[in-house]
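Me: I am new to this structure and would like to understand the terms used for it. Could you show it first?

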Amino acid sequence: MEAAREAGTSRPANDLAPDFLAHWVVKTARREEMITWYRKVFGARVVHQDRRIAFLSWDHEHHRLALITVPRILRYLFPLARLRRKVYGIDHLAVQFASLESLVTTYERLKRVGIRPVWAINHGPTTSLYYEDPDGIRLEFQVDNFPTAEATAAYFASEKFAANPIGTEFDPDYLLERLRRGDDPAELLRPGAGTRPGTTPRANRRAITWRTL
Ligand SMILES: [Fe+2]
């Protein structure tokens with residue numbers, strides 16, 4: 001994903017920058033649940049596993065996620081571990097989808113198997129659905145709202161973004177309905193496009209609740 005985005009920008013990476021984010025590693029006491037979830041969500045395949053560790057990939061990378069198995073007792077020693085991200089440390093990892101259609105059809109597919117987002121928000125620069133894996137690790141599934149990196153950068157620098165850097169919540173089912181009835185996908189990327197008539201979306205700081213935090 002990162003390489004593709006890099007190719008889409010006219011600004012080259014600086015000499016010190018790595019090329020892309022390759023993988024992340026999680027210590028988990030729920031290995032099977034985690035593998036099942038990543039299989040359903042990203043079509044992950046296990047490329048190696050032994051008693052201690054499992055390596056998963058879902059694309060061209062040899063692995064995207066490694067799961068280090070820790071004793072089950074740790075689930076009970078750290079009952080609040082999944083809440084940690086709400087107050088400290090890494091909040092979420094973001095993955096890119098190429099189009100709004102692939103984002104909302106992923107939403108629909110996951111909804112059918114009982115996996116629902118914890119937050120659906122048009123941030124301005126991106127349209128984003130946030131999910132949480134069985135260990136509570138939050139993943140942002142995003143699509144860029146602007147066609148080029150330059151246009152996104154201009155939005156970041158705008159008064160409009162300064163006035164609402166959080167975004168406007170949307171109803172993914174309504175976006176899906178609009179897409180299916182043939183509305184222009186570019187129009188659907190606009191903040192407010194996913195607001196079902198007769199409803200008022202939460203926006204900006206009001207969109208930050210205990211659930212979405
Ligand atoms: Fe993000």
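Me: What should I know before reading the residue names?

Reply: Residues are numbered from 1 along each chain as its sequence is written. This is a predicted model, in which local features need pLDDT of at least 70 and side-chain atom pairs count only at pLDDT 80 or more, while totals for chains, interfaces and linings use all residues.

Me: What makes a set of residues a nonpolar core, and which residues have the most contacts inside the largest one?

Reply: A nonpolar core is a set of buried Ala, Val, Leu, Ile, Met, Phe, Trp, Tyr and Cys residues joined through C-beta atoms within 7 Å. Buried means that 20 or more other C-beta atoms, placed from the backbone, lie within 10 Å of the residue's own, whereas 12 or fewer make it exposed and values in between partly exposed. The largest such core has 18 residues, and those with the most contacts inside it are L100, L103, V104, L129 and L175. At least two residues each come from α5 (100-112), β6 (119-122), β7 (126-132), β8 (138-144) and α8 (172-180), with α5 giving the most, namely four. These labels follow DSSP runs numbered from the N terminus, helices being H or I of at least four residues and strands E of at least two.

Me: Which residues is L100 in contact with, beyond its neighbours within four places in sequence?

Reply: Two residues are in contact if their C-beta atoms, placed from the backbone, lie within 7 Å. By that rule L100 is in contact with T127, V143, L179, P185, L188 and L189.

Me: Why do β1 and β2 stand at the edges of their sheet?

Reply: Strands pair if DSSP finds at least two bridges between them. Four strands form an open sheet with mixed pairing, in the order β1-β4-β3-β2. Since β1 (24-28) and β2 (45-49) each have a single partner strand, one side of each is left without a neighbour in the sheet. Four bridges join β2 to the antiparallel strand β3 (residues 53-57), where V46 stands opposite L56.

Me: How do you know that the buried residues of α8 line one face of the helix?

Reply: The buried residues of α8 are L175, L176 and R178. Seen down the helix axis, they fall within an arc of 160° and so line one face, the arc being that of the directions from the axis to the C-beta atoms. These residues pack against α5 and α9 (185-188).

Me: Where does UniProt place the feature "domain: VOC"?

Reply: The unreviewed UniProt entry places it at residues 20-144, in the numbering used here, with feature names shortened and annotations that may be inferred rather than shown by experiment.
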